[in-house]
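Subject: Structure handover

Hello,

Here is the structure I said I would pass on. Please open it alongside this message; my notes follow below.

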Amino acid sequence: MKIGYRLQQLDKMIIRQYDHIWDCCCDHGLLGMLLLKRNAATKVHFVDVVEPLMFELERKLERFFPHDPVNRRWQVHCKDIRQLDLSETAESSHNSPSHLVIIAGVGGDKVIEFVDAILSRHPNKNIEFLLCPVHHNYKVREALTLFDMKLNYEKLIRENNRFYELLHVSENGKYPISLVGSLMWDFSRSDDRDYLEKNIHHFAHKAKQGDVNYEKILLAYQQLSKEIS
């Protein structure tokens, strides 16, 4: 399997064993198969709404990861993420199985919508999220704080000249979520300086349109830039 840099970094951020990992918007299932290969969870779930993709993925999984008669290590779900029921397949030896839900490759608004739906449907579940929005990161972070999420770890990466913020969050995370990022920044790296400059330029342009919210965001990123000088 040829795995891109972004998926490799998401894989590296999963450092503990889970009962269930949900690879949502999984597309061709590359990340989930990588997790299956290294036994990152008791069961890996592949979730997407595109039926032909899911049919082809299921055939591929049956070929490369044939089911154990006793322990089914994977399951394919062709459904809307907002309709996921984490409890319906939550076989576990204990009462509070751990879940990691991965949502990557979709816009920030969709990430917010999906996380909100999952939390609303499972208010008392042991759920962690690994998120990689393709844009609107500030908005995603803002929503996560409203959902009472905390940060476990975050990483800033660059792939094919695009920047991505990778966020591992949960209700029992270690740190408060910064709206402009905290742990991910390392201003000794040129990529980090480039990304900060890109955000300042973007929100400066938006702020010129007179929106007070964009002015607030711009000031937050400008405050970060003072750490460089």
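Two strands count as paired if DSSP finds at least two bridges between them; helices (H or I, at least four residues) and strands (E, at least two) are DSSP runs, numbered from the N terminus. This is a predicted model, in which local features need pLDDT of at least 70 and side-chain atom pairs count only at pLDDT 80 or more, while totals for chains, interfaces and linings use all residues. Residues are numbered from 1 along each chain as its sequence is written, and side-chain values use heavy atoms, with hydrogens and water left out.

Strands 4 and 5 first. They run parallel and are joined by 7 bridges.

Glutamate 128 stands opposite serine 170 of strand 7. Strand 5 (residues 126-132) is largely enclosed by the rest of the structure, because 6 of its 7 residues are buried. Buried means under 20% relative accessible area, exposed over 50%, and partly exposed in between (1.4 Å probe, protein chains only).

Helix 2 (residues 30-37) is mostly covered as well, with 6 of its 8 residues buried. These are Leu31, Gly32, Met33, Leu34, Leu35 and Leu36. Their cover includes helix 1 (5-12) and helix 3 (51-64), along with strand 1 (18-24), strand 2 (41-48), strand 3 (74-78) and strand 4 (98-104). Just after helix 2, asparagine 39 has a positive phi of about 55 degrees.

Two tyrosines are also worth a note. Tyrosine 175 sits in the loop between strand 7 and helix 6 (190-207) and is partly exposed, at 36% relative accessible area. Tyrosine 214, in helix 7 (residues 212-225), is partly exposed too, at 26%. Leaving aside neighbours within four places in sequence, tyrosine 214 is in contact (heavy atoms within 4.5 Å) with Phe203, Lys206 and Ala207. The C-alpha atoms of tyrosine 214 and phenylalanine 203 are separated by 6.0 Å, and the two residues are 11 apart along the chain.

Regards
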